[in-house]
Amino acid sequence: MTSQPETHDRLSDRHFAAVAKVVESRVGIKLPITKRTMVEGRLRRRVRALGLRDLTAYADLLFKNDGLDDELVHLIDCVTTNKTDFFREPSHFEFLRDVAVPQLARIQGGSRLSLKIWSAACSTGAEAYTIAMVLQDLANAGQRLRFSILGTDISTEVLREARTAIYPRDFVAPVPIGMQQRYLMRSRNPREDLVRVAPELRRTARFERLNLMDESYPFDRDVDVIFCRNVLIYFDRATQQAVIDRLISHLRPGGYLMLGHSESMAGSGVPGLRSVAPTIYQAAPAPQRRAAA
């Protein structure tokens, strides 16, 4: 007996609506009916991994057989979009190098600058390692600088890739040649067209799972720069504002929040933030103490 082609393996209207409701309630991402074919295609990979018959059997696992709690992380991994590139929206990294670092150095004072950077919705780590390359170049050029980078994402699958830091060679093409030579290592196997981020940069970054929908985030509250780019577009306006409010509660006075270029409205009019460049916002600096009379 031959199996039916995948085109006949579909989620019912009821099951798709149930999946969409779970995803929106747990991670804030809306799945309109126009995303149905994409969702089904991604979930079929999970169906095969579990050895199930079809998408109906998978939906039964979730909603009839009390499997949702155990399967939730994998469901989210399947349906979330993890688009990322090295040096994506390069003006943000130019601002980090040319404006943010010098201003943060003045705010901190002292002879050595210490920075905490957060790459929220970091995907496979390209953004975090781009930041590391920019900052390490500054340190190599004589800036007295030490830094640590936190990368967070909802998807456990992409976090594993970020920690491994191995990428196809064509994926790192946006990295300037000089940086490729300094910070990327070719695979020892000539048949593998892969590169890996150098250990000195991997040591500066750690990666943790985080759902931006959580009511609080278990991370430091003295972060200097937060990148949260191209994820808020998947949330409604109220969720966008709630996420931004939680993020900026982790910024130190004078710190920066960088959003994606399609998210300029999300950061506008937020109390405690002022726009300093397109989609770049600065937290209010600490009040100056008056000298004693």
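**Sheet, cores and helix packing**

Colleague: What percentage of the 293 residues in the protein chain do buried residues make up?

Modeller: The model is predicted, so local features need pLDDT of at least 70 and side-chain atom pairs count only at pLDDT 80 or more, while totals for chains, interfaces and linings use all residues. Residues are numbered from 1 along each chain as its sequence is written, and side-chain values use heavy atoms, with hydrogens and water left out. Buried means under 20% relative accessible area, exposed over 50%, and partly exposed in between, with a 1.4 Å probe and protein chains only. Of the 293 residues in the protein chain, the buried share is 48%.

Colleague: Which strands are the edge strands of the open sheet of seven strands?

Modeller: Helices (H or I, at least four residues) and strands (E, at least two) are DSSP runs numbered from the N terminus, and two strands pair if DSSP finds at least two bridges between them. The sheet has mixed pairing and the order E6-E2-E1-E7-E8-E10-E9. An edge strand pairs on one side only, which holds for strand E6 (205–209) and strand E9 (273–277).

Colleague: Which residue in E10 is the bridge partner of Leu257?

Modeller: Strand E8 (residues 251–259) and strand E10 (residues 280–283) run antiparallel and are joined by three bridges. Within E10, Leu257 has as its bridge partner Tyr281.

Colleague: Which residue in the turn of the hairpin formed by E9 and E10 has a positive phi?

Modeller: E9 and E10 pair in the antiparallel sense over four bridges, and Ala277 is partnered by Ile280 in E10. Two residues lie between the two strands of this hairpin. In the turn, a positive phi of about 60 degrees belongs to Thr279.

Colleague: At about what angle does helix H10 run to E8?

Modeller: Axes are lines fitted to C-alpha atoms, for helices over the stretch in contact, and angles run from 0 to 180 degrees between N-to-C directions. Helix H10 (residues 237–248) lies across strand E1 (113–120), strand E7 (223–228), E8 and E9. Its angle to E8 is about 140 degrees.

Colleague: How many residues does the largest nonpolar core have?

Modeller: A nonpolar core is a set of buried Ala, Val, Leu, Ile, Met, Phe, Trp, Tyr and Cys residues joined through side-chain atoms within 4.5 Å. Residues with the most contacts inside the largest core include Leu43, Leu75, Trp118 and Leu257. Apart from it lies another core of 44 residues, among them Phe95, Leu135, Met179 and Phe227. The largest core has 47 residues.

Colleague: Why is H2 described as roughly perpendicular to H3?

Modeller: Angles under 35 degrees count as roughly parallel, over 145 as roughly antiparallel, 65 to 115 as roughly perpendicular and the rest as oblique. Helix H2 (residues 36–50) and helix H3 (residues 55–63) have axes 9 Å apart and pack at an angle of about 80 degrees. That angle therefore makes H2, relative to H3, roughly perpendicular.

Colleague: Which residues of H4 make the contact with H3?

Modeller: H3 and helix H4 (residues 68–79) pack at an angle of about 125 degrees, with their axes 8 Å apart, which makes H3 oblique to H4. Contact means heavy atoms within 4.5 Å. H3 contributes Tyr58, Leu61 and Leu62, whereas the residues from H4 are Leu68, Glu71 and Leu75.
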